[in-house]
Amino acid sequence: MELRIDRVSKQYKNKIAVDRLSATLHTGVTGLLGANGAGKTTLMRMICGVLTPTSGEITYNGVPVSEECYRSVLGYLPQEFGCYPEFSGRDFLLYFAALKGMPRNEAEIRSEELLETVGLVDVSKKRVRTYSGGMKQRLGIAQALLNRPQVLILDEPTAGLDPMERVRFRELIGEIGKSSIVLLSTHIVSDVEHIADHILMMKGGQLLWQGEWKESDGSLEEFYLREFRE
Amino acid sequence: MTTEAKNRELLLLFFEPDEKPDPAKKEAFLKNVMTGQITRATKKTLDQMLLTQIKYIRKTAWLAALMILLAAVLITKGSPDSVLQISALTPLLAFVTEIETRRSYAYGMAELEMTTAFSLRSIRYARFMILGLFDLAVLSGISLLIRKYIAISAMLTLSCLLLPFLLTMTGALLLERTAFGRSHPYGSGVLALLIAAGTEILLLPAGPLAMPLNKTLIMQDYAWVLEIATVLMLVTVIALFCTNVKQEAEMTTLWN
């Protein structure tokens, strides 16, 4: 499995959000670090095919990310998302299961499984608009995992989660990373420090640093702060 | 050859290594495998997707059309002279239909729906087609009802009903392209009310297009103008919708 980002740029009028970025992602967890406005979300949207790059190309196993077949193996959690007001948590998952092309029976089983995994079984029949921020975030994570994605893109997934939920989430992502490509963006270094095999650091739309990070390399946070200060 | 020898030969065939495939064709092979698998899955569930969208279209969208049908039945029974004023209700139907096709943006679901196998574009087309056909069926039914009371052609009756509907849809789709329209999805409701009011004024019993029940409609002489205008507006609405969906796929203005 290989997600190739080849000299990708995204320009809006007089602003360059992503500037000639190249990277190759393989199976495992990749942490995408950067301050607010670094271009992380724009890059992730391009990887998901939501935005078209101004130049460059993104492919998955040779298939451009604009193709429908790629979306069938993609799971995405955006930074912010809404919900139709009449939907319960279960309705939300079943709706997206249908959009992901899952047969009804399979969708029901998988939704139950995921509601259990993210701890929302007790509130699954309640309207999503009554959920707290953390509950909604967990529902979003469940949605991203419906189709057992080969490529999982998570934009600030731990926002709104309490410390215990964040630990559970890290364990879940670590497991998924054993068989899928996971790209996780955050500006909180501790979210990725212990689970990411590969780190990308962005600043001003450019890739500041990329490489493997092991515990023996020391504190990722100190390294991150040092790189950004330079 | 004995049976044992034949079995030994077969086993050897299974375990003998074949020629290695050309590594240069690896990417093309992977692409074919993935697209082949997904194409089969997609075809199998495409009709399921359409049925799903019918299920997820809000009841208000269906009810709006049925309410207009009910109004038509009541008006034709109670006040046959005013039967063509039903046309004034069709802009409201157009508003409800147009809003339903772009709920994804109104409720912040668009970004998620863009990344599914059946993406936002398919969803919008499906909703547009389903509701468009349903509305057309209801309006055709109403036109048949009206023809019981006014001796005018079916095409002209349908044109009278469709013109305000299509005018509202055109305005709403043009509004969708503006920053104001995108941030105020219910703004086309005001447009619908204005067109409804204008239609009502035109068709009042004492109005400029008043038509006594048993006499030929004053505009029957210009029926071909109305009918051509209806067809042109229908084509315009479809073209505008398709280009809007195509532009939204990029969503650059949304994130500028």
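Me: How many residue pairs are in polar contact between chain A and chain B?
Reply: The model is predicted. The count takes in pairs in which both residues have pLDDT 80 or more. Between chain A and chain B, the number of residue pairs in polar contact is 14.

Me: Which element gives the largest share of the side of chain A that touches chain B?
Reply: Strand E1 (3–12), helix H2 (68–71), strand E6 (74–77) and helix H3 (89–99) of chain A each give two or more residues to this side. The largest share is 7 residues, and the element that supplies it is H3(A).

Me: How many residues on the side of chain A that touches chain B are nonpolar?
Reply: In total, 41 residues of chain A are in contact with 35 residues of chain B. By class, the chain A side has 11 charged and 7 polar residues, while its nonpolar residues number 23.

Me: What area do chain A and chain B bury between them?
Reply: Carbon and sulfur atoms account for 60% of the buried area. The area that the two chains bury between them is about 3500 Å².

Me: Is Thr199(B) buried or exposed?
Reply: Thr199(B) lies in helix H10 (residues 188–203) of chain B. Leaving aside neighbours within four places in sequence, Thr199(B) is in contact with Ser87(B), Ala88(B) and Pro164(B). Its relative accessibility is 10%, and buried means under 20%. Therefore Thr199(B) counts as buried.

Methods. Residues numbered from 1 in each chain as written. Chains lettered and ligands numbered in written order. Predicted model: local features only at pLDDT ≥ 70, side-chain atom pairs only at ≥ 80, totals over all residues. Heavy atoms only, no water. Contact = heavy atoms within 4.5 Å. Buried area = accessible area lost by both parts, 1.4 Å probe. Polar contact = N/O pair within 3.5 Å; in protein donor to acceptor, adjacent residues only side chain to side chain. Helix = DSSP H or I, 4+ residues; strand = E, 2+ residues; numbered from the N terminus. Nonpolar A, V, L, I, M, F, W, Y, C, P; charged D, E, K, R; others polar. Buried < 20%, exposed > 50% of the residue type's maximum accessible area, 1.4 Å probe, protein only.
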